[in-house]
Amino acid sequence: MDIDNLPVGTRVSHEKYGEGIVSQNNAMTYKIIFVRGGELEFSKAAVALEVVEANEVEDDTPKLNIREFKQVLTQILVQYNGIEYKAELGKKWQGGTMILQPANKDLAPKEIPVETFFHKIVMMRDRLRVLEQNINSSSSLTDEEKVNLQQYISRIYGSMTSFNVLFENKEDYFVGMKS
């Protein structure tokens with residue numbers, strides 16, 4: 001069965017949440033109801049599911065609205081390097097190592113390549129940007145709710161400005177709320 005187009009009603013198994021049933025099949029996501037996790041939404045591109053029992057339903061073609069169309073188009077362009085942008089690690093950090101030393105000298109320090117840490121910071125920033133886009137395009141949120149959520153995201157960016165030292169280019173910096 002095509003894992004990218006599971007009909008509503010298909011029983012699936014997820015490594016973390018166990019068995020569930022597909023409740024919505026959107027252009028880029030599935031909504032699945034799990035006994036152990038409730039209803040969760042997963043990106044079709046990133047979810048690992050095993051089909052337990054297929055629900056063969058005719059005409060279960062996902063309906064595509066403008067917001068979903070934009071997401072699909074963006075995903076295709078990113079996949080084929082059409083709009084990919086990669087933040088660069090500052091030259092002075094390349095090949096470097098972060099050492100986390102516990103106060104208790106009996107415990108071993110943890111060493112992390114700066115590139116690995118930087119990659120995780122950039123992934124967080126990118127996910128915050130996607131969250132921002134989803135908030136802005138949401139039809140179920142009021143304008144007031146959107147503004148309140150945007151303020152939280154701006155505060156998160158502000159909290160992450162300490163990591164700006166890692167970036168090569170200032171245009172990649174985190175910027176918090178401006179007065």
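Me: Where is the place of Asn 5?

Reply: Asn 5 sits in the segment before β1 (11-14). Strands here are DSSP runs of E, at least two residues, and helices are runs of H or I, at least four, numbered from the N terminus. This is a predicted model, with residues numbered from 1 along each chain as its sequence is written. Local features need pLDDT of at least 70, side-chain atom pairs count only at pLDDT 80 or more, totals for chains, interfaces and linings use all residues, and side-chain values use heavy atoms, with hydrogens and water left out.

Me: Is Asn 5 buried, exposed or partly exposed?

Reply: Partly exposed, because its relative accessibility is 33%. Buried means under 20% relative accessible area, exposed over 50%, and partly exposed in between (1.4 Å probe, protein chains only).

Me: Which side chain does Asn 5 join in a polar contact?

Reply: The side chain of Asn 25, at 2.8 Å. A polar contact is a pair of N or O atoms within 3.5 Å. Within protein, one must be able to donate a hydrogen and the other to accept it, and residues adjacent in sequence count only if both atoms are side-chain atoms.

Me: OK, where does Asn 25 lie?

Reply: In strand β2 (residues 18-25). Asn 25 is buried, because its relative accessible area is 9%. Its side chain also reaches the backbone oxygen of Leu 6 at 2.9 Å.

Me: What separates the C-alpha atoms of Asn 5 and Asn 26?

Reply: 8.9 Å, with the two residues 21 apart along the chain.

Me: Zooming out. How many helices and strands are there in the protein?

Reply: 3 helices and 7 strands. Along the sequence the pattern reads β-β-β-β-β-α-β-β-α-α.

Me: How many residues, and what share is buried?

Reply: The protein has 179 residues, and 24% of them count as buried. Its accessible surface is about 12600 Å², with 53% belonging to carbon and sulfur atoms. Those areas come from the Shrake-Rupley method with a 1.4 Å probe; for residues, only the protein chains shown count as cover.

Me: Which residues have the most contacts inside the largest nonpolar core?

Reply: Phe 118, Phe 167 and Phe 174, in a core of 14 residues. The elements giving two or more residues to this core are α2 (114-137) and α3 (143-159). The largest share, 6 residues, comes from α2. A nonpolar core is a set of buried Ala, Val, Leu, Ile, Met, Phe, Trp, Tyr and Cys residues joined through side-chain atoms within 4.5 Å. Apart from this core lies another, of 9 residues, including Tyr 30 and Phe 42.

Me: What is Phe 167 in contact with?

Reply: Leaving aside neighbours within four places in sequence, its partners include Phe 118, Ile 121, Val 122 and Phe 174. Arg 125 and Asp 172 are also among them. Contact means heavy atoms within 4.5 Å.

Me: At what angle do α2 and α3 pack?

Reply: About 170°, with their axes 10 Å apart. Axes are lines fitted to C-alpha atoms, for helices over the stretch in contact, and angles run from 0 to 180 degrees between N-to-C directions. The two helices are therefore roughly antiparallel, a label for angles over 145 degrees. Leu 128 and Ile 135 of α2 are among the residues making the contact, as are Leu 149 and Ile 153 of α3.

Me: What is found in the loop between α2 and α3?

Reply: Ser 138, for one. Ser 138 counts as buried, because its relative accessibility is 16%. A polar atom of its side chain lies 3.4 Å from the backbone nitrogen of Leu 141.

Methods. Angles under 35 degrees count as roughly parallel, over 145 as roughly antiparallel, 65 to 115 as roughly perpendicular and the rest as oblique.
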